[in-house]
Amino acid sequence: MSRAQRLLELIQLLRRHRRAVAGAVLAEELGVSLRTVYRDIDALKAQGAQIDGEAGVGYVLRPGFMLPPLMFSEEEIEALVLGSRWVSERADGLLGKAARNVLAKIGAVLPPDLKDGIDASGLLIGPGAPIAAGDAELPTIRQAIRSERMLHIAYADEHGSATQRIIWPFALAFYDRVRVVVAWCELRGGYRHFRTDRITALAVTDGRYPRRRGAMLKEWRTLRGIPEQ
């Protein structure tokens, strides 16, 4: 690992720790000596990184610092390419376009040898079964989730029975063939899952739901036994 790569990895390690992390822990994760960690932290501080702490106490990185230039390992580039190609093929049209734009922007700032890794990646997304309907509603649902707005939906279950619901959407799950809105349902008084292809009509209301999206997502994960991604 070059020194530039090591400094970048050190920044990433510090970002992953919300509280002060001991220099010995950083040294072990990087596979270097504790003295090297101390030197690298001093170097990052000299480049403008706001790292609080000291030897024997631990270090924490304040938000906002980005080490230029943008660099990725070969595995990270492959992960970006594979993920973006999956989104392009299996998400809605707007997200697919955004994924392609992300790759283009990243490619524009990478060195030529790394940029070639994007263009020549051999990781492909294989064909899958046709995706169920519901694409048109996804941008509206995603916007409602971001703004924590209630949705008024007309929903038909697997038997075709129709109901009118007020839901508080906080997550959108993408499966191979279907997309599912995870929400609090006022009608049922609990968390429910709604396939987007069974939503026959929807409208974003002016009301924001009374709980924070992150808190609801955490509670839903706990109830379902779903680990954080």
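In these legends to a predicted model, a residue is called buried when its relative accessible area is under 20% and exposed when it is over 50%, with partly exposed in between.

**Close-up 1. Buried residues of helix 2 and their packing partners.** Helix 2 comprises residues 23-30, and within this helix G23, L26, A27 and L30 are buried. Viewed down the axis of helix 2, these buried residues fall within an arc of 100 degrees, so they line one face of the helix. The elements against which the buried residues of helix 2 pack are helix 1 (3-16), helix 3 (34-46) and strand 2 (58-61).

**Close-up 2. The residue that follows helix 2.** After helix 2 comes G31, a residue whose phi is positive, with a value near 75 degrees.

**Close-up 3. Span and buried residues of helix 4.** Helix 4, formed by residues 74-90, has 17 residues, and the distance from its first C-alpha to its last is 24 Å, which is close to the 24 Å expected at 1.5 Å a residue. In helix 4 the buried residues include I77, V81, S84 and R90.

**Close-up 4. S161 in the loop between strands 3 and 4.** S161 is located in the loop that lies between strand 3 (149-156) and strand 4 (162-174). The relative accessibility of S161 is 42%, and S161 therefore counts as partly exposed. When residues up to four places away in sequence are not counted, S161 touches Y155 and A156. S161 and R208 are 47 residues apart along the chain, and their C-alpha atoms are separated by 28 Å.

Notes:
Residues numbered from 1 in each chain as written. Predicted model: local features only at pLDDT ≥ 70, side-chain atom pairs only at ≥ 80, totals over all residues. Heavy atoms only, no water. Buried < 20%, exposed > 50% of the residue type's maximum accessible area, 1.4 Å probe, protein only. Helix = DSSP H or I, 4+ residues; strand = E, 2+ residues; numbered from the N terminus. Arc of directions from axis to C-beta. Contact = heavy atoms within 4.5 Å. Expected span 1.5 Å × (residues − 1).
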